[in-house]
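Subject: Handover of a structure for your study

Dear colleague,

Please find below the structure that I am handing over to you, followed by an account of what was found in it. I would ask you to keep the structure open while you read.

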Amino acid sequence: MPLKEIERFSISHLQVLDEKGNLDRDLEPDLSKEQLLRVYRTMLLAREADQRMLKLQRQGRLGTFAPCTGQEAAVCGPTLAMSPRDWFVGSFRELGGRLMRGESVAQALLFYNGYEEGNSLPASARTLPIAIPVGSQIPHAVGIGYAVKYRGEKDTAVVVFFGDGATSEGDFHEALNFASVWQAPVVFICQNNHWAISVPRSKQSQSRTLAQKAVAYDMPGMQVDGNDVLAMYRATREGLDRAYAGKGPTFIEAVTYRLMMHTTADDPNKYRAEGEVKAWWERDPIARFRRYLEKKGLWSETLQAALDEEIRTQVEAAVKELEGRTGFKPDAPFDHVFGTRHQGIEEERGEFLASLEGRKGAGHG
Amino acid sequence: MAKLNMVQALNLALDQEMKRDDRVLILGEDVGVDGGVFRVTDGLHEKYGGDRVIDTPLAEAAIIGSAIGMALAGLRPVAEIQFSGFSYLISAQLECHASRYRSRSQGVWTVPLVVRMPYGGGVRALEHHSESREATFAHFPGVKVVIPSSPRNARALLVAAIRDPDPVIFMEPIRSYRAFREEVPDEEEVMEIGKAQVVQEGKDLTVIAWGAMMRPTLQAATEVQEARGAGVEVIDLLTISPLDIGTIVGSVARTGRCVVVQEAPRSFGVAAEIIALINDRTLLALEAPVRRVTNYDVVTPYFGRELLYLPDAQRIREAVEGTLAY
C-alpha cells in the first residue's frame with residue numbers, strides 16, 4: 001500500500017501594522033478612539049513604571065522584579081479585547097495587562113516591595129495574583145474555563161499568559177491537552193520574548209514556531225506580531241469569540257522581545273549581543289502604535305508632552321504612596337494559613353508576637 | 001443505618017454531597033464509567049453524568065492544577081489520585097499554589113479542594129502502590145492532611161473535607177477499604193477536621209495511631225489489657241495536619257506513658273512530630289521514653305517481604321509492654 005497523507009497542518013502569521021507604520025486596512029480592528037487611547041496610555045504607563053522601578057531597585061528601594069519593557073503590546077492588546085467577565089491569569093511579566101484590569105501602580109510597587117497585600121485585586125476583578133513558577137498557572141486557567149463552561153456562563157472565557165520557556169514545561173502540555181479534551185473556553189497567549197533568562201528560543205525548542213504546539217492538541221494556533229497591539233487585539237478577539245461560541249481553546253504565539261533583563265538579578269550582557277537588542281528597539285511596540293495614532297489624527301506632540309507629564313506624576317505619586325505606607329500587620333501570615341482556626345497556629349502566633357516585643361521596628365514595616 | 005465497608009461509606013459521602021451541592025464534582029483517572037479502580041466512585045457517573053464525574057486524561061499534575069482552577073472559580077472539586085505512589089507529580093501544584101493562594105492573596109482567593117488518594121501496604125500490590133507518605137504532605141503549610149480508619153469516620157471526614165475552605169489531602173488506607181464493615185447512619189454525619197478521637201480510654205499508657213495501623217493497635221491494646229490488666233488508652237489521630245494538640249497532650253499528661261504507631265518509615269515522620277510535641281508540652285509527666293513502632297528506613301519492599309516490615313500487633317504489643325515495664 002502506498003503511504004497516504006491523512007492530515008496536513010499549516011501555521012499563519014498575523015500582522016496588522018508593520019514596523020514602518022504600514023497598515024492593512026482589511027485587518028484593522030474596529031476600535032473606538034477611547035479604546036485606542038486607553039491602551040496607548042496603559043502601555044506608556046507600564047513603560048514608565050518599569051523604568052522607575054528599575055531605578056528604585058538599583059537604589060535599594062524595591063525588591064527584585066521582572067521588567068516588561070518591550071512586551072507592552074503583547075499583553076495590553078489581549079487585555080483590551082477582554083471584558084470584565086473574562087478571567088485574567090498571568091505569570092509575572094504582565095504589568096500593563098494588570099493595570100488595565102484595575103491594579104494601581106502603587107499596588108504593583110507594594111508587591112515588589114515584599115508584601116502580599118500588593119498581589120491581589122478584589123475577586124470580582126477576576127484577575128489572579130502573580131504566579132512565579134514558570135507555566136504552573138496554565139492548568140488553573142483550564143480549570144477556571146471548565147467551571148465557566150460547567151455553569152453555562154455566557155460570553156465568558158479565560159486568557160492565560162506565559163512565556164516561551166513555559167512551553168517546555170509539563171504543566172503547559174498537560175494544560176493544553178486538558179483544555180482541548182474539555183473544549184474549555186481558554187485563550188492561551190505565549191509571549192515568545194526570545195529569552196528564558198539566559199537560554200535563547202533556539203535552545204528552548206526545535207519547533208520552527210511555538211504556535212505549532214497547538215497542532216498536537218487540535219486547537220487553532222496562530223503566530224502574531226506581538227509588538228503590534230492591533231494584531232494582538234484582533235487575534236485575542238477571535239480567540240475569545242470562538243470561546244464564547246463554545247468552540248473551545250485557541251493558542252496565540254506573540255512574537256515579541258524582552259528588551260531588559262529577565263529580572264533585576266541578572267545581567268543580559270553576559271548572554272546576548274547588543275546588536276540583537278538594538279534591532280528590537282527599532283520594533284518598539286509603543287513607538288509603532290504612536291505613529292498609527294498620529295496618522296489617524298488622534299495624537300500630537302502636544303498631547304504626548306501632556307501625557308508624559310501626567311504619567312510621570314502618577315508614577316511619582318505611587319512611589320510616594322508606597323514609601324509612606326506603614327502599619328503592615330506583622331502577624332498577617334498567621335491569618336491566612338487556613339480558613340479555620342487551629343490551636344497550634346494560634347499558639348505560634350502568640351509566640352511570634354511575643355518575640356517582637358522590645359524589638360523596635362522589627363517586622364513592623 | 002446500614003453496615004458498610006469503607007469503599008461504600010466513601011461512596012455514600014460523595015453521593016450525598018453531590019446531591020446536596022451542585023458545586024461538588026469529581027475528577028480523576030478512571031473515576032467515571034469504571035467507578036474508580038477501587039470502586040469508590042461507583043455509580044456516580046451514571047447518576048450525575050460525565051460533566052460532574054470527569055474521566056480526565058492521564059496526568060496527575062493537571063488533575064490537581066485544573067482542580068485548583070475550578071476551586072478558584074467557586075466549585076468544590078474532589079480530585080482522585082489513583083494511588084498515592086503517583087502523587088509526587090502533584091507536589092508542585094500543592095506546594096506552589098493550592099497551599100498558597102489564600103496567603104498570596106491575603107484571603108481573596110481560596111482553594112477548597114479535596115485530593116483523595118489510596119495509600120498504604122498490606123494488600124500484595126505492585127511497586128509504588130504501598131507507600132505511606134503522609135509526612136510529606138503534612139510538611140506543606142496551608143494543606144490539611146486527613147486519614148480515616150473506619151467506614152464511619154471515613155464518611156464523616158470526607159463530608160467535612162468537601163465542605164472545608166482549604167485544600168485537604170484525604171488519604172485512604174487501602175488495607176481498610178474492604179477489611180470490615182461498620183454501621184454508618186443514612187443521615188448526614190460530619191466530623192471536625194483537626195480533632196483526634198479517643199477510641200478507648202485507659203489510665204496507664206497512651207497509644208497513638210492512624211489509618212490502617214488502628215486495627216493492629218486495638219488488637220495489641222486488648223491483648224495487653226487481658227494479659228496484664230493494664231489500662232491502655234488508644235487515640236485515633238484522624239487529622240495529621242493540623243495536629244490535635246489538646247487531645248494528644250491531655251492524654252499523655254494523664255497516662256505518663258506513650259507509644260506512637262506509624263506505618264511509614266521511621267525518620268522524619270509524623271511520630272517524630274508527635275514525640276516532639278509531647279516533649280515540648282508535657283515532658284515532666286513522662287514515666288518512660290516515648291517509643292515509636294514504625295516501618296524501617298528502607299525503600300518500600302516488594303510485597304513478598306512487606307508483612308515483615310509493616311508494624312503489626314506483635315511489635316506494637318512488645319513496645320507497649322516495654323514502655324509499661326520501664
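Chain A is assigned domain 1 (12–324) and domain 2 (328–365), where domain bounds come from an automatic or database domain assignment. Taken over C-alpha atoms, the centres of domain 1 of chain A and domain 2 of chain A are separated by 37 Å.

This is a predicted model, in which local features need pLDDT of at least 70 and side-chain atom pairs count only at pLDDT 80 or more, while totals for chains, interfaces and linings use all residues. Residues are numbered from 1 along each chain as its sequence is written, and chains are lettered from A and ligands numbered from 1 in the order in which they are written.

Confidence

The model scores ipTM 0.97 and pTM 0.97. For chain B, the mean pLDDT (the predictor's confidence in each residue, from 0 to 100) is 97, and 100% of the residues of chain B reach 70 or more. Where pLDDT is low, the predicted coordinates should not be read in detail.

The contact between the chains

Chain A and chain B each bring 38 residues to their contact; two residues are in contact if their C-beta atoms, placed from the backbone, lie within 7 Å. On the side of chain A that touches chain B, at least two residues each are supplied by helix 5, helix 6 (170–182), helix 13 (332–335) and helix 14 (343–356) of chain A. Helices here are DSSP runs of H or I with at least four residues, strands are runs of E with at least two, and both are numbered from the N terminus. Helix 5 of chain A gives the most to this side, with 10 residues. By class, the side of chain A that touches chain B has 21 nonpolar, 13 polar and four charged residues. In this scheme Ala, Val, Leu, Ile, Met, Phe, Trp, Tyr, Cys and Pro count as nonpolar, Asp, Glu, Lys and Arg as charged, and the others, Gly among them, as polar.

Helices that pack across the chains

Two packed helices are described by the angle between their axes and the distance between the axes. Axes are lines fitted to C-alpha atoms, for helices over the stretch in contact, and angles run from 0 to 180 degrees between N-to-C directions.

Helix 5 (residues 138–150) of chain A and helix 3 (residues 60–72) of chain B cross at roughly 55°, and their axes come within 6 Å. Helix 5 of chain A is therefore oblique to helix 3 of chain B; angles under 35 degrees count as roughly parallel, over 145 as roughly antiparallel, 65 to 115 as roughly perpendicular and the rest as oblique. The crossing of these two helices is right-handed. A crossing is called right-handed if the near helix is turned clockwise from the far one by less than a right angle, and left-handed if anticlockwise. Among the residues that make the contact are A:Pro139, A:His140 and A:Tyr146 of helix 5 of chain A, and B:Ile68, B:Met70 and B:Leu72 of helix 3 of chain B. The residues of this contact divide into 11 nonpolar, five polar and no charged.

Helix 3 of chain B also packs with helix 6 of chain A, at an angle of about 70° and with the axes 9 Å apart. Helix 6 of chain A is therefore roughly perpendicular to helix 3 of chain B. This crossing, too, is right-handed. A:Gly170, A:Asp171, A:Glu174, A:Ala175 and A:Phe178 in helix 6 of chain A meet B:Ala61, B:Ala62, B:Gly65 and B:Ser66 in helix 3 of chain B. The contact comprises four nonpolar, three polar and two charged residues.

Within chain B

The assignment for chain B gives domain 1 (2–184) and domain 2 (197–325), and the C-alpha centres of these domains lie 26 Å apart. Their contact takes 25 residues from domain 1 of chain B and 21 residues from domain 2 of chain B.

Two local features

A cis peptide bond, with omega about 0°, joins B:Ser241 and B:Pro242. B:Pro242 is in the loop between strand 12 (239–241) and helix 9 (245–255) of chain B. A:Asp155, which is not a glycine, has a positive phi of about 45° and lies in the loop between helix 5 and strand 3 (158–163) of chain A. Most residues other than glycine have a negative phi, and most peptide bonds are trans.

Yours sincerely
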